[in-house]
Amino acid sequence: MEEAPMLFIPGPTYVPEEVARAQARPMIGHRSREFTALFERLIPRLQAIFRTRGRVFFVAASGTGLWEAAIRNLVRRKVLCLINGAFGERWHQVALANGKEAVALSVAWGQAIRPEQVVEALSAHPDAEAITVVHNETSTGVMNPLAEIATAVRQAFPDVLILVDAVSSLGGAPLETDAWGLDFVLTSSQKCLALPPGLAFCAVSERAMEKAKEVPHRGYYFDLLTMARYADRGETPATPAISLLFAADRQFDHILKEGLEARWERHRRMAERVQAWASERFALFAEDGHRSWTLTCVSNTRGIDISALNEFLRRRGKVISSGYGPLKGKTFRIAHMGEIQLHHIEALLTDIDEWLAAK
Ligand SMILES: Cc1ncc(COP(=O)(O)O)c(C=O)c1O
(Lines give C-alpha, C1' and ligand atoms only; values in the text may rest on other atoms or scores of the structure.)
Protein backbone atom coordinates (compact mmCIF):
# COMPACT_ATOMS: atom_id res chain seq x y z
CA MET A 1 0.00 0.00 0.00
CA GLU A 2 1.19 3.53 -0.79
CA GLU A 3 2.49 5.37 2.27
CA ALA A 4 0.06 8.17 3.21
CA PRO A 5 1.57 11.67 3.26
CA MET A 6 1.61 13.68 6.47
CA LEU A 7 -1.26 16.11 6.03
CA PHE A 8 -0.53 19.74 6.80
CA ILE A 9 -3.78 20.69 5.09
CA PRO A 10 -6.80 22.12 6.92
CA GLY A 11 -8.74 18.89 6.76
CA PRO A 12 -9.00 16.06 6.46
CA THR A 13 -6.23 15.77 9.01
CA TYR A 14 -4.07 12.84 10.03
CA VAL A 15 -6.08 10.11 11.78
CA PRO A 16 -4.14 8.03 14.31
CA GLU A 17 -3.80 4.40 13.24
CA GLU A 18 -5.72 2.97 16.21
CA VAL A 19 -8.57 5.43 15.66
CA ALA A 20 -8.77 4.44 12.01
CA ARG A 21 -8.66 0.78 13.03
CA ALA A 22 -11.54 1.23 15.51
CA GLN A 23 -13.82 1.59 12.46
CA ALA A 24 -13.26 -2.06 11.61
CA ARG A 25 -15.03 -3.30 14.74
CA PRO A 26 -17.91 -5.70 14.04
CA MET A 27 -21.11 -3.90 13.12
CA ILE A 28 -23.94 -3.46 15.60
CA GLY A 29 -27.58 -2.56 15.07
CA HIS A 30 -28.61 0.99 15.76
CA ARG A 31 -31.69 -0.04 17.72
CA SER A 32 -29.66 -2.20 20.08
CA ARG A 33 -28.45 -2.00 23.65
CA GLU A 34 -24.87 -1.85 22.38
CA PHE A 35 -25.64 1.22 20.32
CA THR A 36 -27.37 3.01 23.17
CA ALA A 37 -24.33 2.28 25.35
CA LEU A 38 -22.08 3.79 22.65
CA PHE A 39 -24.42 6.79 22.36
CA GLU A 40 -24.33 7.31 26.10
CA ARG A 41 -20.54 7.17 26.13
CA LEU A 42 -20.27 9.72 23.31
CA ILE A 43 -22.64 12.42 24.58
CA PRO A 44 -20.90 13.44 27.85
CA ARG A 45 -17.53 13.51 26.10
CA LEU A 46 -18.94 15.67 23.31
CA GLN A 47 -20.35 18.00 25.96
CA ALA A 48 -16.88 18.21 27.49
CA ILE A 49 -15.34 19.05 24.11
CA PHE A 50 -17.99 21.71 23.37
CA ARG A 51 -17.80 22.96 26.99
CA THR A 52 -21.53 22.73 27.48
CA ARG A 53 -24.04 21.11 29.75
CA GLY A 54 -26.70 21.53 27.07
CA ARG A 55 -27.77 19.39 24.13
CA VAL A 56 -25.19 17.95 21.75
CA PHE A 57 -25.91 16.00 18.59
CA PHE A 58 -23.98 14.08 15.97
CA VAL A 59 -25.14 13.55 12.40
CA ALA A 60 -23.97 11.54 9.40
CA ALA A 61 -22.98 14.53 7.27
CA SER A 62 -20.09 16.94 6.94
CA GLY A 63 -20.20 20.37 8.59
CA THR A 64 -22.11 21.84 5.65
CA GLY A 65 -25.14 19.79 6.68
CA LEU A 66 -25.20 21.53 10.05
CA TRP A 67 -24.93 24.98 8.43
CA GLU A 68 -28.25 24.08 6.87
CA ALA A 69 -29.59 22.64 10.15
CA ALA A 70 -28.80 25.88 11.99
CA ILE A 71 -30.61 27.99 9.40
CA ARG A 72 -33.61 25.69 8.97
CA ASN A 73 -34.20 25.21 12.70
CA LEU A 74 -33.30 28.56 14.18
CA VAL A 75 -34.16 31.27 11.64
CA ARG A 76 -37.77 31.91 10.78
CA ARG A 77 -37.25 34.84 8.47
CA LYS A 78 -34.11 36.93 8.83
CA VAL A 79 -30.47 36.35 9.71
CA LEU A 80 -27.31 38.49 9.71
CA CYS A 81 -24.33 36.64 8.24
CA LEU A 82 -20.84 37.78 9.18
CA ILE A 83 -18.44 37.34 6.28
CA ASN A 84 -14.67 37.72 6.18
CA GLY A 85 -13.74 34.78 4.01
CA ALA A 86 -14.97 31.94 1.83
CA PHE A 87 -16.73 29.96 4.54
CA GLY A 88 -18.67 32.92 5.92
CA GLU A 89 -19.71 33.56 2.35
CA ARG A 90 -20.89 29.98 1.88
CA TRP A 91 -22.96 29.96 5.06
CA HIS A 92 -24.65 33.11 3.74
CA GLN A 93 -25.35 31.24 0.48
CA VAL A 94 -26.87 28.38 2.48
CA ALA A 95 -29.20 30.83 4.25
CA LEU A 96 -30.27 32.32 0.91
CA ALA A 97 -30.70 28.86 -0.61
CA ASN A 98 -33.09 28.04 2.23
CA GLY A 99 -35.23 31.06 1.37
CA LYS A 100 -34.26 33.25 4.32
CA GLU A 101 -33.71 36.97 4.19
CA ALA A 102 -29.96 36.81 4.80
CA VAL A 103 -28.21 40.16 5.14
CA ALA A 104 -24.43 40.26 5.12
CA LEU A 105 -21.85 42.11 7.15
CA SER A 106 -18.78 41.84 4.92
CA VAL A 107 -15.27 42.66 6.06
CA ALA A 108 -12.11 42.44 3.92
CA TRP A 109 -10.54 38.96 3.77
CA GLY A 110 -7.61 38.83 6.19
CA GLN A 111 -9.31 41.21 8.63
CA ALA A 112 -11.17 40.10 11.74
CA ILE A 113 -14.78 41.07 12.42
CA ARG A 114 -15.09 43.53 15.31
CA PRO A 115 -17.85 43.32 17.94
CA GLU A 116 -18.81 46.95 17.32
CA GLN A 117 -19.30 46.24 13.61
CA VAL A 118 -21.71 43.46 14.50
CA VAL A 119 -23.65 45.69 16.90
CA GLU A 120 -23.83 48.38 14.24
CA ALA A 121 -25.09 45.92 11.63
CA LEU A 122 -27.71 44.58 14.04
CA SER A 123 -28.82 48.13 14.79
CA ALA A 124 -29.49 48.51 11.07
CA HIS A 125 -31.37 45.18 11.07
CA PRO A 126 -33.07 44.97 14.47
CA ASP A 127 -35.44 42.30 13.13
CA ALA A 128 -32.59 39.81 12.53
CA GLU A 129 -33.26 36.76 14.68
CA ALA A 130 -29.73 35.38 14.61
CA ILE A 131 -26.19 35.98 13.47
CA THR A 132 -23.95 33.44 11.77
CA VAL A 133 -20.25 33.70 12.52
CA VAL A 134 -17.30 31.58 11.43
CA HIS A 135 -14.96 31.33 14.40
CA ASN A 136 -11.88 30.37 12.40
CA GLU A 137 -11.87 31.41 8.71
CA THR A 138 -10.01 28.52 7.11
CA SER A 139 -9.64 30.48 3.85
CA THR A 140 -7.68 33.35 5.42
CA GLY A 141 -6.22 32.12 8.72
CA VAL A 142 -8.19 34.70 10.71
CA MET A 143 -9.67 33.68 14.05
CA ASN A 144 -12.56 36.03 14.80
CA PRO A 145 -12.88 37.35 18.38
CA LEU A 146 -15.86 35.14 19.07
CA ALA A 147 -16.11 35.65 22.83
CA GLU A 148 -16.10 39.43 22.40
CA ILE A 149 -18.62 39.32 19.54
CA ALA A 150 -20.93 37.09 21.58
CA THR A 151 -20.68 39.33 24.65
CA ALA A 152 -21.46 42.45 22.64
CA VAL A 153 -24.44 40.85 20.90
CA ARG A 154 -25.80 39.39 24.14
CA GLN A 155 -25.59 42.82 25.74
CA ALA A 156 -27.05 44.94 22.95
CA PHE A 157 -29.44 42.40 21.38
CA PRO A 158 -30.22 39.77 24.01
CA ASP A 159 -32.80 37.96 21.84
CA VAL A 160 -30.51 37.41 18.86
CA LEU A 161 -29.25 33.84 18.59
CA ILE A 162 -25.53 33.31 18.05
CA LEU A 163 -24.84 30.56 15.50
CA VAL A 164 -21.21 29.54 15.25
CA ASP A 165 -19.16 27.61 12.72
CA ALA A 166 -16.31 26.09 14.72
CA VAL A 167 -15.38 23.65 11.95
CA SER A 168 -11.67 24.44 11.98
CA SER A 169 -11.35 25.50 15.62
CA LEU A 170 -13.22 23.16 17.95
CA GLY A 171 -10.66 21.04 19.76
CA GLY A 172 -7.75 23.22 18.61
CA ALA A 173 -8.51 26.63 20.09
CA PRO A 174 -10.48 27.89 23.08
CA LEU A 175 -14.23 27.83 22.60
CA GLU A 176 -16.67 27.90 25.50
CA THR A 177 -20.21 27.21 24.35
CA ASP A 178 -21.93 27.89 27.68
CA ALA A 179 -19.63 30.51 29.18
CA TRP A 180 -19.69 32.59 25.99
CA GLY A 181 -23.46 32.25 25.59
CA LEU A 182 -23.38 30.58 22.16
CA ASP A 183 -26.62 29.11 20.87
CA PHE A 184 -25.52 26.76 18.13
CA VAL A 185 -21.95 25.58 17.59
CA LEU A 186 -21.14 23.18 14.79
CA THR A 187 -18.03 21.33 13.73
CA SER A 188 -16.86 18.61 11.34
CA SER A 189 -15.08 15.43 12.32
CA GLN A 190 -12.11 15.80 9.95
CA LYS A 191 -10.35 18.89 11.33
CA CYS A 192 -9.06 19.47 14.87
CA LEU A 193 -10.83 16.37 16.19
CA ALA A 194 -8.68 14.25 13.83
CA LEU A 195 -11.39 11.82 12.80
CA PRO A 196 -12.19 10.67 9.28
CA PRO A 197 -14.69 12.87 7.42
CA GLY A 198 -18.37 11.97 7.51
CA LEU A 199 -19.59 13.11 10.92
CA ALA A 200 -20.64 16.53 12.11
CA PHE A 201 -21.30 17.58 15.69
CA CYS A 202 -23.18 20.44 17.26
CA ALA A 203 -24.11 21.94 20.61
CA VAL A 204 -27.47 23.67 20.97
CA SER A 205 -28.54 25.99 23.77
CA GLU A 206 -31.83 25.59 25.61
CA ARG A 207 -33.21 28.82 24.17
CA ALA A 208 -32.27 27.67 20.66
CA MET A 209 -34.19 24.42 21.23
CA GLU A 210 -37.16 26.54 22.35
CA LYS A 211 -36.84 28.76 19.29
CA ALA A 212 -36.89 25.70 17.00
CA LYS A 213 -40.40 24.94 18.27
CA GLU A 214 -41.59 28.20 16.70
CA VAL A 215 -39.89 27.72 13.34
CA PRO A 216 -41.97 25.99 10.66
CA HIS A 217 -40.44 23.88 7.85
CA ARG A 218 -37.37 22.81 9.78
CA GLY A 219 -36.81 20.13 7.19
CA TYR A 220 -36.72 16.42 7.96
CA TYR A 221 -33.19 15.00 8.26
CA PHE A 222 -31.84 17.74 10.50
CA ASP A 223 -34.91 18.55 12.60
CA LEU A 224 -33.43 19.30 16.02
CA LEU A 225 -36.67 18.49 17.82
CA THR A 226 -36.82 15.02 16.26
CA MET A 227 -33.14 14.47 17.05
CA ALA A 228 -33.77 15.46 20.68
CA ARG A 229 -36.70 13.08 20.97
CA TYR A 230 -34.57 10.17 19.80
CA ALA A 231 -31.56 11.29 21.83
CA ASP A 232 -33.63 11.05 24.98
CA ARG A 233 -33.70 7.30 24.46
CA GLY A 234 -30.10 7.02 23.30
CA GLU A 235 -30.80 6.75 19.59
CA THR A 236 -30.71 8.74 16.35
CA PRO A 237 -33.72 9.19 14.03
CA ALA A 238 -31.99 7.62 11.00
CA THR A 239 -29.22 5.05 10.68
CA PRO A 240 -26.06 6.60 12.14
CA ALA A 241 -22.54 6.24 10.72
CA ILE A 242 -21.71 3.53 13.24
CA SER A 243 -18.15 2.82 12.08
CA LEU A 244 -17.25 6.47 12.37
CA LEU A 245 -18.81 6.57 15.81
CA PHE A 246 -16.53 3.68 16.85
CA ALA A 247 -13.62 5.88 15.78
CA ALA A 248 -15.06 8.85 17.69
CA ASP A 249 -15.46 6.65 20.78
CA ARG A 250 -11.73 5.96 20.67
CA GLN A 251 -10.59 9.44 19.69
CA PHE A 252 -12.67 11.34 22.28
CA ASP A 253 -10.91 9.32 24.96
CA HIS A 254 -7.59 10.36 23.54
CA ILE A 255 -8.59 14.04 23.27
CA LEU A 256 -9.80 14.23 26.85
CA LYS A 257 -6.77 12.34 28.09
CA GLU A 258 -4.54 14.93 26.48
CA GLY A 259 -6.85 17.53 28.08
CA LEU A 260 -8.64 20.24 26.12
CA GLU A 261 -6.51 23.06 27.54
CA ALA A 262 -3.32 21.13 26.78
CA ARG A 263 -4.58 20.47 23.26
CA TRP A 264 -5.33 24.18 22.73
CA GLU A 265 -1.89 25.07 24.07
CA ARG A 266 -0.21 22.58 21.70
CA HIS A 267 -2.04 24.23 18.80
CA ARG A 268 -1.09 27.71 20.02
CA ARG A 269 2.58 26.76 20.23
CA MET A 270 2.56 25.27 16.74
CA ALA A 271 0.86 28.42 15.41
CA GLU A 272 3.46 30.62 17.12
CA ARG A 273 6.28 28.61 15.56
CA VAL A 274 4.84 28.58 12.03
CA GLN A 275 3.91 32.25 12.18
CA ALA A 276 7.39 33.29 13.36
CA TRP A 277 8.92 31.21 10.56
CA ALA A 278 6.53 32.62 7.94
CA SER A 279 6.98 36.25 8.92
CA GLU A 280 10.76 35.96 8.59
CA ARG A 281 10.53 34.50 5.10
CA PHE A 282 7.21 35.75 3.71
CA ALA A 283 4.36 37.69 5.36
CA LEU A 284 1.21 36.66 7.14
CA PHE A 285 -2.13 37.15 5.42
CA ALA A 286 -4.22 37.47 8.59
CA GLU A 287 -4.05 40.66 10.57
CA ASP A 288 -1.92 40.76 13.68
CA GLY A 289 -3.75 39.88 16.89
CA HIS A 290 -6.34 37.71 15.12
CA ARG A 291 -4.26 34.88 13.72
CA SER A 292 -5.56 31.37 13.85
CA TRP A 293 -4.23 28.80 16.28
CA THR A 294 -4.98 25.96 13.90
CA LEU A 295 -3.69 27.09 10.51
CA THR A 296 -1.44 29.74 9.05
CA CYS A 297 -2.18 31.50 5.78
CA VAL A 298 1.13 32.72 4.32
CA SER A 299 1.22 35.55 1.75
CA ASN A 300 3.36 34.39 -1.15
CA THR A 301 5.51 37.54 -1.19
CA ARG A 302 8.36 35.70 -2.98
CA GLY A 303 6.12 34.47 -5.77
CA ILE A 304 7.17 30.86 -5.27
CA ASP A 305 5.61 28.08 -7.31
CA ILE A 306 3.41 26.48 -4.65
CA SER A 307 2.64 23.41 -6.76
CA ALA A 308 6.37 22.79 -7.24
CA LEU A 309 6.94 23.16 -3.50
CA ASN A 310 4.17 20.68 -2.82
CA GLU A 311 5.64 18.24 -5.37
CA PHE A 312 8.93 18.42 -3.48
CA LEU A 313 7.20 18.01 -0.11
CA ARG A 314 5.19 15.08 -1.39
CA ARG A 315 8.44 13.25 -2.11
CA ARG A 316 9.24 13.79 1.58
CA GLY A 317 5.83 12.39 2.56
CA LYS A 318 4.24 15.73 3.40
CA VAL A 319 1.61 17.98 1.86
CA ILE A 320 0.54 21.58 2.49
CA SER A 321 -2.38 23.54 1.06
CA SER A 322 -2.54 26.16 -1.64
CA GLY A 323 -4.49 29.39 -1.15
CA TYR A 324 -8.27 29.15 -1.14
CA GLY A 325 -10.34 30.36 -4.10
CA PRO A 326 -9.23 33.87 -5.12
CA LEU A 327 -6.13 33.50 -2.89
CA LYS A 328 -4.76 30.57 -4.92
CA GLY A 329 -1.17 31.36 -5.90
CA LYS A 330 -1.19 34.47 -3.69
CA THR A 331 -1.11 32.53 -0.46
CA PHE A 332 -0.42 29.04 0.82
CA ARG A 333 -1.68 27.46 4.01
CA ILE A 334 0.02 25.31 6.60
CA ALA A 335 -2.42 23.60 8.92
CA HIS A 336 -1.27 22.69 12.40
CA MET A 337 -4.36 20.97 13.58
CA GLY A 338 -5.54 17.72 15.05
CA GLU A 339 -2.82 15.27 15.98
CA ILE A 340 0.06 17.23 14.39
CA GLN A 341 2.86 17.79 16.92
CA LEU A 342 5.53 20.48 17.11
CA HIS A 343 8.20 18.05 15.90
CA HIS A 344 6.18 17.37 12.73
CA ILE A 345 6.07 21.13 12.16
CA GLU A 346 9.84 21.43 12.69
CA ALA A 347 10.44 18.70 10.11
CA LEU A 348 8.11 20.39 7.62
CA LEU A 349 9.71 23.82 8.03
CA THR A 350 13.18 22.30 7.60
CA ASP A 351 12.08 20.72 4.33
CA ILE A 352 10.55 23.96 3.06
CA ASP A 353 13.74 25.85 4.00
CA GLU A 354 15.79 23.32 2.06
CA TRP A 355 13.59 23.85 -1.01
CA LEU A 356 13.76 27.64 -0.65
CA ALA A 357 17.57 27.56 -0.30
CA ALA A 358 17.88 25.58 -3.54
CA LYS A 359 15.89 28.23 -5.45
C1 LIG B 1 -14.63 27.05 8.47
C2 LIG B 1 -15.27 25.98 7.65
N3 LIG B 1 -16.60 25.88 7.65
C4 LIG B 1 -17.22 24.92 6.95
C5 LIG B 1 -16.53 24.03 6.17
C6 LIG B 1 -17.26 22.98 5.42
O7 LIG B 1 -17.18 21.82 6.16
P8 LIG B 1 -17.42 20.38 5.53
O9 LIG B 1 -16.45 20.25 4.39
O10 LIG B 1 -17.16 19.46 6.68
O11 LIG B 1 -18.83 20.35 5.06
C12 LIG B 1 -15.15 24.10 6.13
C13 LIG B 1 -14.36 23.17 5.31
O14 LIG B 1 -13.18 23.28 5.14
C15 LIG B 1 -14.50 25.09 6.90
O16 LIG B 1 -13.16 25.18 6.92
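This is a predicted model: local features need pLDDT of at least 70, side-chain atom pairs count only at pLDDT 80 or more; totals for chains, interfaces and linings use all residues.
Two packed helices are described by the angle between their axes and the distance between the axes. For helix α10 (residues 260–281) and helix α12 (residues 342–357), the angle is about 15 degrees and the axes lie 10 Å apart. Angles under 35 degrees count as roughly parallel, and α10 and α12 are therefore roughly parallel to each other. The crossing of α10 with α12 is right-handed. On the α10 side, the contact is made by Arg269, Met270, Arg273, Val274, Trp277 and Arg281. Facing them on α12 are Leu342, Ile345, Glu346, Leu349, Ile352, Asp353 and Leu356. Sorted by class, this contact has 8 nonpolar and 5 charged residues, with no polar ones. The spacing of such contact residues can be read with helix geometry in mind: an α-helix has 3.6 residues a turn, so residues three or four places apart point the same way.

The second pair is α3 (63–74) and helix α4 (residues 86–97), whose axes come within 9 Å and cross at roughly 50 degrees. That angle makes α3 oblique to α4. Here too the crossing is right-handed. Helix α3 contributes Trp67, Glu68, Ala70 and Ile71 to the contact, while α4 contributes Phe87, Arg90, Trp91, Val94 and Ala95. The contact of α3 with α4 has 7 nonpolar and 2 charged residues, and no polar residues.

Helix α8 (residues 224–231) is mostly covered, with 7 of its 8 residues buried. These buried residues are Leu224, Leu225, Thr226, Met227, Ala228, Tyr230 and Ala231. At the start of α8, Asp223 places a side-chain oxygen within 2.9 Å of the backbone nitrogen of Leu225.

Asn144 sits in the loop between β7 (142–143) and α6 (146–156). Its relative accessible area is 2%, so Asn144 is buried. The side chain of Asn144 reaches the backbone nitrogen of Ile113 at 2.9 Å. Not counting residues up to four places away in sequence, Asn144 touches Asn84, Ala112, Ile113, Val134, His135 and Ile149.

Gly171 belongs to the loop between β8 (161–165) and β9. With a relative accessible area of 2%, Gly171 is buried. When neighbours within four places in sequence are left aside, the contacts of Gly171 are Cys192, Leu193, Leu260, Arg263, Trp264 and His267. Gly171 and Gln275 are 104 residues apart along the chain, and their C-alpha atoms are separated by 20 Å.

Ser299 is part of strand β12 (residues 295–299). Its relative accessibility is 15%, so Ser299 counts as buried. Beyond its neighbours within four places in sequence, Ser299 is in contact with Phe282, Ala283, Leu284, Phe285, Lys330 and Thr331.

The backbone also deserves attention. Most residues other than glycine have a negative phi, and most peptide bonds are trans. Against that background, the peptide bond from Gly11 to Pro12 is cis, with omega near -5 degrees. Pro12 is placed in the loop between β1 (6–7) and α1 (17–22).

Positive phi values are found at two further loop positions. Arg51, in the loop between α2 and β2, has phi near 55 degrees, a positive value in a residue other than glycine. The relative accessibility of Arg51 is 24%, so this residue counts as partly exposed. Ala194, in the loop between β9 and β10, likewise has a positive phi of about 55 degrees although it is not a glycine. With a relative accessible area of 0%, Ala194 is buried.

Notes:
Residues are numbered from 1 along each chain as its sequence is written. Side-chain values use heavy atoms; hydrogens and water are left out. Axes are lines fitted to C-alpha atoms, for helices over the stretch in contact, and angles run from 0 to 180 degrees between N-to-C directions. Helices (H or I, at least four residues) and strands (E, at least two) are DSSP runs, numbered from the N terminus. Angles under 35 degrees count as roughly parallel, over 145 as roughly antiparallel, 65 to 115 as roughly perpendicular and the rest as oblique. A crossing is left-handed if the near helix is turned anticlockwise from the far one by less than a right angle, and right-handed if clockwise. Contact means heavy atoms within 4.5 Å. Ala, Val, Leu, Ile, Met, Phe, Trp, Tyr, Cys and Pro count as nonpolar, Asp, Glu, Lys and Arg as charged, and the others, Gly among them, as polar. Buried means under 20% relative accessible area, exposed over 50%, partly exposed in between (1.4 Å probe, protein chains only). A polar contact is a pair of N or O atoms within 3.5 Å; within protein, one must be able to donate a hydrogen and the other to accept it, and residues adjacent in sequence count only if both atoms are side-chain atoms.
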